[in-house]
Amino acid sequence: MKTLKQHLDPKNGVKRILSLDGGGIRGALTLGYLEKIESIVKSIYPKYRLCDYFDLIGGTSTGAIIAAGLSIGLSVKEIREKYLDIGSKIFQKKRKWWNLQKYLKASYDDSVLNKKLQDIFGDILIGDHEIKTGLCIIAKRADTNSIWPVINHPKGKFYNSPEGKNKNIPLWQMVRASCAAPSYFKPQKIQIGGNINAPFIDGGVSMANNPALTLLMVATLKGFPFKWKLSEKKLSLISVGTGHRVFNKLTKDIDNAWLYTWAKNVPNMLMQDASWQNQIILQWLSKSKTPKTIDMEIGDLNDDLIAGKSLINYLRYDFSITNENLNNLNLPKKYIRKYTNKDITNLIEMSNAENRFLLYQIGKKAGEKEVLIDHFKTKP
């Protein structure tokens, strides 16, 4: 087993990054993929948990919850049990529209989320030894509109500086900040240094809802303390999504769309755009074993390498939530039916907690097909 110092040391073997997307309750789908990843890791290294295998685990929003749980040594099964319980509680009771003072600030009461996160992470601080590997929680500081990738690296610029002693931030608060999706939950205030009590919102309200590219920059740019080298043989990046919808609208539906329709759809459109931009850049940097076709012009970038060679070992696992894919997924008998467009719309909604068990099964079955042992045969 590696110590935290060994995980962070750029000279200590192959470096592995695990990146986990945001997506509300659809994080249950991520857990299905992670179970397969964990089973493969254990088949190679029987005593390992994912915190032993990965040297940096990072996430945004719902991905931050999972990333933080993995970083303190929880198994995927342990996180799944806690996550499915949390999901049933935090989205259970939506505020009534006539309670205007509270409803106009956030749709859901955050007291349950706060308590559940405190139950899981207790008094652990960002700088505590209970965090067993590199961790990056991505949130957005609302008053400055800046992305904050908060890390537990002792040499980080703001880990223990007068401007911000990030090592003293309670882990549950940082995770809560990353989950503070506007209109869903109110911002999270965090004491970051001196008398500054800064408001944070969901890191997904940015290009980092899929945090893979941000995590690669954190791991390799000179402004951050990791300073890992770009090398296909020495740096692996595994990115796991929460499922996405394939847009296929009729022209008449677009022509007849109301303001409310646009307001409801634009956030998901922008999140997908940001994620695909991540995908393009990362496939441009690598000779990925899991390439996605971007469009009819770009293709899968199989013959396009920005540096003339592959700079990272990059893998992306994410499920396209379509009628056809669901109907062909060989789900457990309980969930077998002919899925419709209405079902897809329901599954994509980030706060539909009743979908959490189905989403988990989708990720589990997709993982069984997509996640291969050959993807993980790299020496520690």
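These legends cover close-up views of a predicted model. Residues are numbered from 1 along each chain as its sequence is written, and side-chain values use heavy atoms, without hydrogens or water. Local features need pLDDT of at least 70 and side-chain atom pairs pLDDT 80 or more, while totals for chains, interfaces and linings use all residues.

**View 1. Salt bridges around Arg316.** Asp21 pairs with Arg316, with closest N and O atoms 2.8 Å apart. Asp21 sits in the loop between β1 (15–20) and α2 (27–44) and Arg316 in strand β8 (residues 313–317), so the bridge ties together parts 295 residues apart in sequence. Arg316 also meets Asp318 (3.5 Å, N to O). Asp21 and Arg316 are buried, as is Asp318. A salt bridge here is a side-chain nitrogen of Lys or Arg within 4 Å of a carboxyl oxygen of Asp or Glu. The count by this rule is 13. Buried means under 20% relative accessible area, exposed over 50%, partly exposed in between (1.4 Å probe, protein chains only). Helices (H or I, at least four residues) and strands (E, at least two) are DSSP runs, numbered from the N terminus.

**View 2. The Arg80–Glu35 pair.** The closest N and O atoms of this salt bridge are 2.8 Å apart. Arg80 belongs to helix α5 and Glu35 to helix α2, 45 residues apart. Both Arg80 and Glu35 are buried.

**View 3. The largest cavity.** It holds about 60 Å³ of space. Elements giving two or more residues to its lining are α4 (62–71), α5 (76–90) and α7 (111–121). Helix α5 gives the largest share, four residues. The lining includes Ile65, Leu74, Lys82, Tyr83 and Phe121. It divides into eight nonpolar residues, one polar and one charged. A cavity is a set of points on a 1 Å grid over the protein atoms alone where a 1.4 Å probe fits but cannot get out; lining residues have an atom within 4 Å of a point.

**View 4. Helix α9.** Eight of the nine residues of α9 (residues 212–220) are buried, so this helix is largely enclosed by the rest of the structure. Among the buried residues are Leu213, Leu216 and Val218.

**View 5. A nonpolar surface patch.** Phe247, Trp262, Val266, Met269 and Leu270 make a patch of about 420 Å². Phe247 lies in the loop between β7 (235–240) and α10 (251–255). Its relative accessible area is 37%, so Phe247 is partly exposed. Patch residues have over 30% relative accessible area and no salt bridge, with nonpolar side chains (Val, Leu, Ile, Met, Phe, Trp, Tyr) joined within 5 Å.

How values were computed
Patch = residues over 30% accessible without salt bridge, like charges linked within 9 Å, V, L, I, M, F, W, Y side chains within 5 Å. Areas by Shrake-Rupley, 256 points an atom, 1.4 Å probe, with all protein chains shown as cover. 1 Å grid on protein atoms, 1.4 Å probe; cavity = no way out; pocket = protein on both sides within 12 Å on 5 of 7 lines; lining within 4 Å. Points joined across faces, edges and corners; volume = space filled by probe spheres on them. Nonpolar A, V, L, I, M, F, W, Y, C, P; charged D, E, K, R; others polar.
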